[in-house]
Amino acid sequence: VPVLPASGGEAALARAADAPRPVTFVLSRPSARAVALVGAFNRWDPAATPMRRLADGTWTADVALPPGRHAYGFVVDGAQWIADPRLPVERDADFGRDHSMIVVGLP
């Protein structure tokens with residue numbers, strides 16, 4: 001049976017399903033001088049995604065992520081790596097660093 005190419009509408013739906021979605025990460029850490037978001041999506045690089053401090057001591061970062069599971073955490077003041085305190089901790093048997101997991105769904 002020959003495989004027919006997707007119609008224009010089906011192809012557009014497939015592209016939309018794979019498109020990154022905006023995700024806002026939040027950490028309340030009023031005493032911190034700096035907070036960075038780290039994760040598989042930025043190669044766990046503390047310099048890649050610095051977070052912005054709000055007046056109330058909450059730190060935020062907006063990142064566009066494709067659908068799927070994404071491991072992440074926070075680096076506070078350049079030294080303390082922590083998982084998201086709002087979510088259950090995921091244990092990493094390979095590297096020994098606890099992290100959080102977010103699932104970005106389909107539209």
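Biologist: What makes β1 and β4 count as paired strands?

Modeller: In this predicted model, eight bridges join β1 to β4, and the two run antiparallel. Pairing takes at least two bridges, so β1 and β4 qualify. As an example, valine 23 stands opposite valine 63 in β4.

Biologist: And how do you know that β3 pairs with β4?

Modeller: Two bridges join β3, residues 52-53, to β4, again antiparallel. The cut-off is at least two bridges, so β3 and β4 are a pair. Arginine 53, for one, has tryptophan 59 in β4 as its bridge partner. β3 and β4 also form a hairpin, with four residues between them. Glycine 57 sits in that turn, with a positive phi of about 90°.

Biologist: Why is β4 called largely enclosed?

Modeller: Buried means under 20% relative accessible area. Six of the eight residues of β4 are buried, so the rest of the structure largely encloses this strand.

Biologist: What makes the largest nonpolar core a core, and which residues have the most contacts inside it?

Modeller: Its members are buried nonpolar residues joined through side-chain atoms within 4.5 Å, so they count as one core. There are 17 of them, and Phe25, Val35, Leu37, Met51 and Phe74 have the most contacts inside. β1, β2, β4, β5 and β7 each give two or more residues. The largest share, four residues, comes from β4.

Biologist: Which residues does methionine 51 contact, beyond its neighbours within four places in sequence?

Modeller: Contact means heavy atoms within 4.5 Å. Methionine 51 is in contact with, among them, Phe25, Val35, Leu37, Trp59 and Phe74.

Key: Residues numbered from 1 in each chain as written. Predicted model: local features only at pLDDT ≥ 70, side-chain atom pairs only at ≥ 80, totals over all residues. Heavy atoms only, no water. Buried < 20%, exposed > 50% of the residue type's maximum accessible area, 1.4 Å probe, protein only.
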